[in-house]
Amino acid sequence: MTSLQGTTLPAGLDDATLQQLSGNLTEQQLLWLSGYFYGRYSATTGAAPQLTAAPAAAAVAPAPAPVPTITVLFGSQTGNSKKVAKQLADAATGKGLKVEVKDMNDYATRNLAQEKLMLVVVSTQGEGDPPVSAEELHQFLFSKRAPKLPELRYSVLALGDKSYVEFCKTGRDFDERFAELGAQRILDRVDCDVDYETAAEEWIAAVLDKITSEFAPASAPAAAAAPTASASAAVKAEPAATVYSRKHPWEARVLESIQLNGRGSSKETYHLELDLAESGLHYEPGDALAVVPVNEDPLVEEVLKAARLPEGESVDLGTERLPLAAALANRRELSVLTRDVMERYAALAPHAQLQDLLTDTKQLQPYLYGRDIADLLTDFPTELSAQALVETLRPLPSRAYSIASSLLAHPDEVHLTVGAVRYEAFGRRKQGACSTFLADRIAVDDTVKVFVEHNEYFKLPQNTDTDIIMVGAGTGVAPFRAFVEERVELGAAGRNWLFFGNPNFTTDFLYQTEWQQYLKQGKLNQLHVAFSRDQAEKIYVQNRLLENSKEVYGWLENGAHFYVCGDKVRLGAAIQTALTEVVQREAGISSDAATDYVRNLKKQRRYLEDVY
């Protein structure tokens, strides 16, 4: 702190008092306060303050401007972006910054022109689509109504999945469009893969450091008092419970594994029950359970053969040293080929055709579909070391499955409905890494590494009197088993209506006995099924919706929530089209008005999807 010796203090002030008031402030905070009090004096008197002081004091630089309120804007489908936005807001508040967190779903676009500081966290759905909550803002930004934003400073954190060609496209769209409108980046955009936590934490720290270095901070919140000796002892005596997560999964014992399909079915679906006792893991209907798989030995051998590498050669993964075969089996994605892997591999393999694929999205997407790492190594052979191979490949991600149980009905358990994926492609047998791991290589009493992925939005209505309509095909029925179990345990007064589809009645009516029992008891009010292969003309769940259009519309008008779970391309789009037709038909309105009706259901979070 600068000495006050030689300065004549006004009456009522002494050096000790000033030291007490300002002794704990940093140099930057003292500099800001000097500018603040200078301005207060000038505004009051109309003149600059004069001090009687000893000569030789250097001129004080003007104080930086205070930090404007930071608008944290998030667009989320399952809740991950919302989670990061809250984490960001907590970190900013801890630095004394003022923050407003807003869901894009509720953001008034007229406010955009007045924003000064904005941090955006947004996910991408499938091949480049914005989440439902971000659709309107995304459309507005790319419309002629979007304002110029020369006063805006911003940064974007994009969440996505590298298994899609259009990785993090929505975040890229927001970032590039803001720049086109004249806004200035505080920090370059960061794109996050499925394992987003570490990258998000680093972005939060970096962007807040950048903000506080450019603007004067507000007063930091007072530090909490240091714990007393007795309090410290108590903390040591009661260590915090272990939190199981992506970085530290729970090893759940398998209690039951049952194949649900009858003999002769074209499908292979398993019901699994896992033990959560003593884990402390909690979930709600609508959440997902992530499972950490292990690649099958034949695929590991095919990759080693295509790469012409010995299985016993050692490689380094972080601080670990592992045999190559073990690293490929447990730590690297082999069954799915992604664009980022091809880009890294192309830097090692000088094939003109490989470069052509990467520069042409229309060729790239068909090439990636159904191919795995062994296909890439076979199609474009090159000499590479074991270490180069593991560094080129993607870390093995967990696979998430919609939870098929309620904790109220099954304390300390979690149930899954898993469809085993098997197919032939490009001259080789292929299979899903995790689905066949659970189907073929995990038995009762074995353990599986798992953790809960909370879905912020695919949830039951808070008001248990609200009716629900559930539409699922195949394993998409899983969350609806959890929904009905939960509503039965709660004694919910709201009505439950299930639409379910699969190929055949005799072999593929998943959980048939349970549904019929609920129906008999009046706990499931309506059940409509569509078994597509049981007659010459295929019938799907969307056909059943249209057949019951009057009653479906009546439930919606009465406030019902509408849920869809299953394949995004084959089911998700078809159900939205069918529901729009239901509304148009029963409300007697135009196609555009019916489309707006369905869009508003989504904005109100009464039309919710868990599609994949």
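**A walk through the predicted model**

Six bridges join strand β17 (residues 468-473) to strand β18 (residues 496-502), and the two run parallel. This is a predicted model: local features need pLDDT of at least 70, side-chain atom pairs count only at pLDDT 80 or more, and totals for chains, interfaces and linings use all residues. Residues are numbered from 1 along each chain as its sequence is written, and side-chain values use heavy atoms, with hydrogens and water left out.

Some terms come up throughout. Helices (H or I, at least four residues) and strands (E, at least two) are DSSP runs, numbered from the N terminus. Two strands pair if DSSP finds at least two bridges between them.

Back to β17. Isoleucine 469 has tryptophan 497 in β18 as its bridge partner. Both strands belong to an open sheet of five, in the order β19-β18-β17-β20-β21, with parallel pairing. β19 (526-531) and β21 (607-611) stand at the edges with a single partner strand each, so one side of each has no neighbour in the sheet. On average, neighbouring strands here are turned by 10° against each other, direction ignored. Axes are lines fitted to C-alpha atoms, for helices over the stretch in contact, and angles run from 0 to 180 degrees between N-to-C directions.

Helix α16 (residues 478-490) lies across β17, β18 and β20 (561-566). α16 runs at about 150° to β17. Contact means heavy atoms within 4.5 Å.

The structure holds 19 aromatic pairs. Rings of Phe, Tyr and Trp (its six-membered ring) pair if their centres lie within 6.5 Å; planes under 30 degrees apart count as stacked, over 60 as edge-to-face and the rest as tilted. The rings of phenylalanine 458 and phenylalanine 480 have centres 6.3 Å apart and planes at 40°, so this pair is tilted. Phenylalanine 458 sits in the loop between β16 (447-453) and β17, and phenylalanine 480 in helix α16, 22 residues apart. Both phenylalanine 458 and phenylalanine 480 are buried. Buried means under 20% relative accessible area, exposed over 50%, partly exposed in between (1.4 Å probe, protein chains only). Ring pairs link Phe458, Phe480, Phe483 and Tyr563 into a cluster.

Now turn to strand β4 (residues 153-159). Six of its seven residues are buried, so β4 is largely enclosed by the rest of the structure. Strand β3 (residues 117-123) runs parallel to β4, joined by seven bridges. Here leucine 119 stands opposite serine 155 in β4. With helix α4 (residues 135-141), β3 and β4 make a right-handed β-α-β unit. A crossover is right-handed if, with the strands pointing away from the viewer, the path from the first strand over the helix to the second runs clockwise. β4, helix α5 (residues 169-180) and β5 make another right-handed unit of this kind. Strand β5 (residues 184-185) pairs with β4 in the parallel sense over two bridges. Three bridges join β4 to strand β6 (residues 190-192), also parallel. The bridge partner of leucine 159 is cysteine 192 in β6.

Arginine 308 follows α8, with a positive phi near 55°.
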